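Dear colleague,

I am passing on the structure we spoke about, and my notes on it follow below. Please read them alongside the coordinates.

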Amino acid sequence: MNGTTPENSLLTNLKHALGPKLIGKMSLIFFTCPPFTTASRTLTNSLTSFFHRNPPIRSLTYPRVSFTSSSTASDLDDEPQGEDQVFSGRRQRTNYTGVQLEERVEDAGKIRLDTWISNRISGISRARVQSSIRSRLVSVNHRVIVKASHMVRHGDKVECTISELQPLKAEGEDIALDIVYEDENVLVVNKPAHMVVHPAPGNATGTLVNGILHHCSLPTPSFQDQELLSDSDDLSDNELDEPSFNQTYSKDLGFDTNQASIRPGIVHRLDKGTSGLLVVAKDEHSHAHLSQQFKEHTIQRIYVSLTCGVPFPTSGRVDIPIGRDLTNRIRMIADTGPTRCGKSRHAASRYRVVEILAGGGCALVEWKLETGRTHQIRAHAKYLGIPLMGDEVYGGSRSMALSRLQQKNPSSIHSQLSQLVLKLNRPCLHALTLGFTHPCTGENMQFSCLPPVDFAEILTGLRNISTDKIKGS
């Protein structure tokens, strides 16, 4: 090999795909991960081929077992806000216990009781309202109603008191986890798509937390009155890569200094539909240290996505605040001025087009997060007019994806495009790279993990139609 090591040759190839600045940081992976094995060389070579045309569809070569789960819930973070400002059009709160509503219905026509109440109390989940109805805490025209599907009409008087949250217990479960790295302080996991991070009502099992509790042989923690974790089961996926600093949450999730046991500390989360890398703290010090890194935005996070259409320009920075869409509480919205948006928070994302696919009907886009707001990439992609393929909540439905593809390609392959789009069953978004400072050793840790097979199959199909790699973006 003329004195060139496999590692040096690999880095040279990766520079063409990812750029020298990123590779300079990625080179640290060779020193901070376990010894460089044949399997790890194959993994990193696969990462190189991912950014070139028509790579073979493959899963990672280190040992793994597919995760199978029927999870339907997701995670949500509502930052603490004024508790007296709770009704629609005002700021949201995080503790709804005891909130009372007494109003007459002004809507025309008929509407479900649970829907009407959840629309009137900003930020509350419909599941929480349904629980209050079942607890006989809701009446219509002075008659107690126990069916959430009860229809209310214009003029009906609704009286409601929100019930207390029931404690949740996260039981350890023997769930196959794709462990990318582990030591006594931290755990890096490659989360599969469709897996929820936290337990929630209606979804107390099959989550990442359940799997980690079993993997670490830890006792069962209780989540006491945690709106953050449990008031969310009717929501769509949540990408909150910025931690909550709610002390009760941190304690319940794992770190009570009066206990000798170690419980898993989730310091950031991914959408249910998003695949890719997360770091988990295994002790109190690591949890606090990693949380501070997220707070200071020093964690490196790189995502890849498939978008409906191609952004213009092909690289840039989106610095648009994001807030809750008051007309659709499962969705965030870019706050560009007077909108139907709740309280917005600063959000900044950098993007670049790696490849233009299928004649410009789609693009492989790389995202680097400066902040970690709920649904940040998805909301910013929609703002740019390029919703993620498969993202029904943000406009990237199958019909939208197919429309963009058909506009850019001859009718002779429209049937082929239709078959490809049918494979979409989640937003095409993957957390590709994760970098952080080890909380105990101070080493720079860097991990990268290829997208799963479902993402790779769609990408390969689009590349087979046409691909134009963007240079210098």
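In these notes, buried means under 20% relative accessible area, exposed means over 50%, and partly exposed lies in between (1.4 Å probe, protein chains only). This is a predicted model, in which local features need pLDDT of at least 70 and side-chain atom pairs count only at pLDDT 80 or more, while totals for chains, interfaces and linings use all residues. Residues are numbered from 1 along each chain as its sequence is written, and side-chain values use heavy atoms, with hydrogens and water left out.

The structure holds 13 salt bridges, each being a side-chain nitrogen of Lys or Arg within 4 Å of a carboxyl oxygen of Asp or Glu. In one of them Arg120 pairs with Glu103, the closest N and O atoms being 3.0 Å apart. This pair links distant parts of the chain, 17 residues apart, with Arg120 in helix H5 (residues 113-120) and Glu103 in strand S1 (residues 100-104); helices (H or I, at least four residues) and strands (E, at least two) are DSSP runs, numbered from the N terminus. Glu103 is partly exposed, at 24% relative accessible area, and Arg120 is also partly exposed, at 26%.

Arg378 forms a salt bridge with Asp391, with 2.7 Å between the closest N and O atoms. Arg378 lies in helix H11 (residues 376-383) and Asp391 in the loop between H11 and H12, so the pair ties together parts that are 13 residues apart in sequence. Arg378 is buried at 2%, and Asp391 is buried at 1%.

Finally, a network of salt bridges links Arg317, Asp319, Arg350 and Glu370.

Best regards
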